[in-house]
Structures are given as C-alpha cells and as structure tokens.
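Thank you all for making time this morning.

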Amino acid sequence: MAEFWTPEWMEFAFMRRALVATTALSASIAPVGAFLVLRRLSLAGEAMAHAITPGIVIAFVVAGLSVGSLLIGGLIAGIGVAALTSLLARVTILRSDASLASLYLIALAVGITILSAAGSAVPLKSFLFGSILGIDNDSMILIGAVATITLCAFVVLLRPLIVSTLDPTFFESQSKNPQLIEQMFMLLVVLNLLAAFKTLGTLMAVGLMILPATSARYWSATITGQLLIGFAFCLGSCWAGLLISFYAPETPSGPCIVLVAGVIFVISLLFAPLGLRAGLKSVAAKTRARSSENVQQSKEIQHEIP
Amino acid sequence: MAAGVRKNTPAILNCDGLALGYPAHELAHGLQFHVQPGDVLAVVGHNGSGKTTFVKTVLGMRPPLAGTLSWPRGRPREIGYLAQLSEFDRRFPIKTRDLAAMGAWRGFGFRGRVDEATRARITMALEATGVAEVADQPIYTLSGGQLQRALFSRVIVQDAPLILLDEPFAAVDQRTEAQLLDVIDQWSAEGRGVILVVHDLSAVLDRCSHALLLGGGRGVYGAVDEVLTVQNLVAQGYMSESQAAWAPRIYRGTELEAGHG
C-alpha cells in the first residue's frame, strides 16, 4: 500500500538529495537575496555570479569536480573581481557599476573559453544551467556548511544590515568599521552562489536569490515578513522546478527552478497587496491630487485677474 | 534658547585650527569655533564650501587635514545625526516606530531586545514630533514632512549631548519646519549642543545662537548677527555683489548699503 503512495521521483536517491539540498539552500539564499534586493544590488549579484565562472572553471580543469577546489576557485575569482572593481572605481573615471560590468563580462568569456578549450567531460549546458544529477554528497556538505555559516552570520548581521541598508550615512556615523558589513555581506553572496552552482548553474544561480525576494516585496511591508515569504517562495520554486526537470529530463534544473520563481513573481505582481494594483491606485491618487491642485491654482489666478 | 549663556561650563566641542577637505583639495582651513551646552550653531555656506565635509569630519567619518577637534567633556558615546533625506531609502520595509527605535540601536547591540524604558522613550519621541498616530505604518506611506519628523524622533531617541542636523528643512513645509524648530529649542533648553547645516538663509537662523560661515577656503565664526552680514556673505562667496544689491534685507534687518563690500 505504501508503495502505491510513493511518487516515482522519491525512489531516486539523487532526487531525495536534491530536495534536501535545495531546502537548505533556500533557507540560506532567501535572506541573502532579500538584502541584495533591498540594498539595490540585484544586478551586482547577477554580475558576481558570472564573475566567479573563471575561478570555478580553472579549478575544474585543474582538480576536476572537487567541491573544495571549486569553492576555493570561485572565492578567489569572486573576491578578485570585487577588489578590482573597487580599485577601478576609486582610481579611474569609471563608476563601480561600469567597472563591474566590464570585468564580469571578461571573466565570463574567459571561463567559457577555458572550459571549451579544455574539452570538458562535463557538458557546457549543465555547467551554465545546473543539473539535479550533479548534487553528490560533497555538494550536500557544501550547501549545509554554507547554509549554517549564512544563518549564523545573519544572527549577528541582521540589525547592522537593516540600519546600513536603510540609512547608509547614519550607519557610517554610528559604526567604527562600516565597510566590514558590506564586505561580509558580499562574501555571503559569493558563498551562496557557489553553493547554488551545482543545482542552478553559474547563469541561473542568482535567479533564485532575486526573484523570490522581489516577489516577497509585493506581499509584505515588514522585513520579517519578506524574509519568511522569500524563503517559502525559494523553497516552492526549488521543489517545483526540480520535479519539472525530473519529468522533462532534457530541461536543466536551473532554468526550471528560475522559471517557477518567475511565475511566482508574475502572480505576486498581479495579485499581491503591494503589487501592480496598489501601484496603479497610488499613481492615480497622485495624478488626481496634482490635477485638483492645478484646478485650484487656476481658479486662484482667475480670481486675481481683475 | 539657552544659547551662549553657559560661559563657565566646559564646551561640548572645541575646534582649533581645523582644516577640512581631501589631501589634494583643501576646502577650508583655520576653522576656530566651539559648541557649548545650549548652543545652536548654524553652518552656512555656498555649494562646495565644505559643509558636507565639515559634517563628516565632526562625525569622525573623515580625519581633519590639520588642527584638532577636542571634547572637553569627553567624546560622547554617540552624536545625534540626521543626514540629508536624499541619502535615505524611503521604500525600505520598516515601520515608523522601528525607524525611531534605530536611535537606540547601539544600546541594544546586535541581538539584545528593546527594554521597557527604551520602548517608553521611543513612544515619547514619536509623540514629541507628532507622528505617534502613524507609528505602526510603513515609512513609504508617510509624507515628506512626516518622514522628517520620524527621523527627528530617531535623533531624540539617540539622547546625545551633541546633535548634528544636515539640511533638515530642505523638503518640509512651513508647518513641519515650525514643529521641528520647537524640538530644536527643546534640545537647546535641555543643554544639548546643536549644529544645524543649512544652505539657504531663512527664518531658521532666528533660532540659532552662533553661525559658522564657510566659503573661500576659510570660515567666519561668531554670534549670528555678527557673522551673517551682507559684507561677510559677499566676502565668503555666498552671494555676488550684484545679488546682494537686489536684497533689501538679508538678515534681521541688516540694511543693505550700496557699495558695501
């Protein structure tokens, strides 16, 4: 009888591993994504996801699919690009967004060129877009470790992150080392991107950070609400995406997960209390207020003209 | 206003020969002033005169190029600070009460809970600035004036002996400005020092005891009436002589005399 109720995908160890791994990943990536959005760094996160590619590729070519070497390679590339971006923004005419955009494009091109030249045994598609088959025990340990580090870090960083995101100048005036929070947060971003790499691929990893966080903004006006809803959306996207990828084996897991997150975003936009309807109402109210102000002013002017 | 009446009490802040700016670009030098309990010091200057750098230097966010900032009563644990509204994220998902509570952030640190006394202080601050009725609303629903009053609540909660306000009236209406000026008067009466950075000369300056006029790489400090004269404003590059000629009264009835300067 029990066998009757067991879904087909539950019989596969890789699927069970993938579901456990993405549950831990969702707990870790949701708060990071929420603050990436709130700190207006969504595109910087996307760029950073691409920037770590050469590090991962070089580590893969040198040491194979070892989780340790991929982690070290990705960290070196991520920190290197972040440091170089900061240096270029400080000493040259380019702003940090332009510096980061230039560097991540170069990094991505270098990564893909090395991967192709090395004649990799791993298909390029699974490297860029992830594969549920890629989640082995080592990957699970990496995801578990990153989730533990991220959640412990958030216990300490949550308040400073809130203050520094809301009012950076006030935070700078209150803190002895304000840059430390920014640096630690970016380190968490890179760690989570690396943890998500096997499931989602380098191109899709940041999608799981951004889309659930932006969807959650439409549902809640408090930071706690956004963190919890963001986690629920992350988890829902991962589980649904993995199942789609399981039943459509030609489809990599990364795009499936991000596509589900995208559907959640559109539903949130259309139906959430702070979504499109609220926005349109607010715009209409402002327009009405402005036009009634104009009518009032023209009446006053007409009154003044003898 | 308790301005300048506590001559025998030690100053909160003494500034001696202060030079502001960046290593390759000095903005002002030789600044000499002090802030005593109850003083309300207006810092006035044209764009680029160094007002923002002055704020950052007093807050310790930038080192002075030369000179010293000394704290005869000991450096306060914190300085009450209100940045310009343009630097603030108005869409952040936080309630008005939590915004005010941020003033006590250093008190409850990374994880501690807000105790009853602090909670009472936050409620009192919200009432003092007239935003208690919107305490549980998200800040993005507040008007510009309400938001500025909520930020004043945060400064009240900070309970600091020295308060630094950077362009606090730039985006508020006259009614809000009057309410916030009353809060500044209250701070002065409580013996706190207030530094008010303003760009425009306005009625706000009536509430200030002293002024520091920045411009032309130097600063003029003294009582408001003595510092904010047409002659000084023209000499410090705040306005041109032709602009001054069109202004019948610049400050407190100071009569413009043709050919001054």
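Predicted model: local features only at pLDDT ≥ 70, side-chain atom pairs only at ≥ 80, totals over all residues.

**Sheets, helices and chain contacts**

Let me begin in chain B, where strand E1 (residues 13–22) is joined to E2(B) by seven bridges, the two running antiparallel; strands here are DSSP runs (E, at least two residues) and helices likewise (H or I, at least four residues), numbered from the N terminus, and two strands pair if DSSP finds at least two bridges between them. Residues are numbered from 1 along each chain as its sequence is written, and chains are lettered from A and ligands numbered from 1 in the order in which they are written.

Coming back to that pair of strands, B:Leu13 has B:Val35 in E2(B) as its bridge partner. The open sheet they belong to has three strands in the order E2-E1-E4 (chain B), with antiparallel pairing. Strand E2 (25–35) and strand E4 (66–70) of chain B have a single partner strand each and stand at the edges, so one side of each is left without a neighbour in the sheet. Helix H1 (residues 51–59) of chain B packs on this sheet, touching E1, E2 and E4 of chain B, and its direction makes about 125° with that of E1(B); contact means that the C-beta atoms of two residues, placed from the backbone, lie within 7 Å, and angles run from 0 to 180 degrees between N-to-C directions, with axes fitted to C-alpha atoms, for helices over the stretch in contact.

There is also an open sheet of six strands in chain B, ordered E5-E6-E7-E3-E8-E9, and its pairing is mixed. At its edges are strand E5 (80–82) and strand E9 (218–223) of chain B, each pairing on one side only, and the twist from one strand to the next averages 15°. Strand E8 (residues 210–215) of chain B pairs with E9(B) in the antiparallel sense over six bridges, and in this pairing B:Leu214 stands opposite B:Gly219 in E9(B).

What, then, about the domains of chain B? An automatic or database assignment sets the bounds, giving domain 1 (1–79 + 161–261) and domain 2 (89–159). Ten residues from domain 1 of chain B and eleven residues from domain 2 of chain B take part in the contact, and helix H6 (residues 174–189) of chain B gives the most to the domain 1 side, with four residues.

Turning to chain A, helix H4 (residues 53–63) and helix H5 (residues 67–91) of that chain pack at an angle of about 145°, with their axes 7 Å apart. The residues of this contact include A:Pro54 and A:Phe60 of H4(A), and A:Leu70 and A:Ile76 of H5(A).

How many residues bring the two chains into contact? There are 19 from chain A and 18 from chain B, and helix H8 (137–166), helix H9 (168–174) and helix H11 (223–247) of chain A each supply at least two residues of the chain A side.

Chain B averages a pLDDT (the predictor's confidence in each residue, from 0 to 100) of 83, and 88% of the residues score at least 70, although over residues 1–5 of chain B the pLDDT stays under 50.
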